[in-house]
Number of protein chains: 2
Amino acid sequence: MIPEVLPELMRKDGVVAIATLGEDGPHVVNTWNAYLAMSEDGKLLIPAGYMHKTEANVARNPNVVITVASSKVKGLYGPGAGCLIKGKAEFITSGPEFDLMKKRFEWLRATVAVTIESATQTW
Amino acid sequence: MIPEVLPELMRKDGVVAIATLGEDGPHVVNTWNAYLAMSEDGKLLIPAGYMHKTEANVARNPNVVITVASSKVKGLYGPGAGCLIKGKAEFITSGPEFDLMKKRFEWLRATVAVTIESATQTW
């Protein structure tokens, strides 16, 4: 279900975009590919330093659309690859998924845990 | 109105995310920072190869939210910078804004011209 390119993208320099639906339309926040992790049960984990608007949006509507891309990974059409992930996000402030990320990112205030519904290589 | 970091981001390796609102929620498509251009009247120009879903969404609701980020530009909190752009998008298939981009990108089928309403450095 997870495309092979995703773990590779997560090791390379690149930008993640996390889109949620706010009351006034889509909202987008970014992080770095290398900040992502996978939980043992296959959730995508994202460290949240700020992301307050994303948190408020997710509380109303948990659906997230995430892109992970890097010019440093060979993609479907040559140099550069990208992956589109859809799922449901939750902000977690305790427990193993929080602790795992807090160990890596001292500054995080929450872990965004995304239950992946689909993940597709787009490039 | 345009943050100084944006032209710098457009010269560096990085990822652009373009979010629109579809009937089933937000949609996101990516391009590379270096593919962006500015028109003489300050529109953000994006080459569209595919982007069919984005085009359909924009036809219903022209509001777009765009992030431009790069780890190669010094940002507000150290290495890595990002910019959040909000505006209204239009798919253009003729005229100077199309020709300008077609000259650079032989594969493009349309130029997405974004009238910028706000542009903020976020990182």
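How many salt bridges are there between chain B and chain A? The count is two, a salt bridge being a side-chain nitrogen of Lys or Arg within 4 Å of a carboxyl oxygen of Asp or Glu. This is a predicted model, in which local features need pLDDT of at least 70, side-chain atom pairs count only at pLDDT 80 or more, and totals for chains, interfaces and linings use all residues. Residues are numbered from 1 along each chain as its sequence is written, chains are lettered from A and ligands numbered from 1 in the order in which they are written, and side-chain values use heavy atoms, with hydrogens and water left out.

**Interface**
- In chain B, 24 residues are in contact with 24 residues of chain A (heavy atoms within 4.5 Å).
- One salt bridge joins B:Asp13 to A:Lys72, with the closest N and O atoms 3.5 Å apart.
- On the side of chain B that touches chain A, β5(B) gives the most, with six residues (strands are DSSP runs of E, at least two residues, numbered from the N terminus).

**Salt bridges over all chains**
- The structure holds twelve salt bridges over all chains.
- A:Lys88 and A:Glu117 form one of them, at 3.5 Å from N to O.
- A:Lys88 lies in strand β6 and A:Glu117 in strand β7 of chain A, so the pair ties together parts 29 residues apart in sequence.
- A:Lys88 is partly exposed at 35% relative accessibility, as is A:Glu117 at 45% (buried is under 20% relative accessible area, exposed over 50%, partly exposed in between; 1.4 Å probe, protein chains only).
- In chain B, the side chains of B:Glu97 and B:Lys43 meet at 3.7 Å, N to O, in a salt bridge.
- B:Glu97 is buried, at 17%.

Notes. Helix = DSSP H or I, 4+ residues; strand = E, 2+ residues; numbered from the N terminus.
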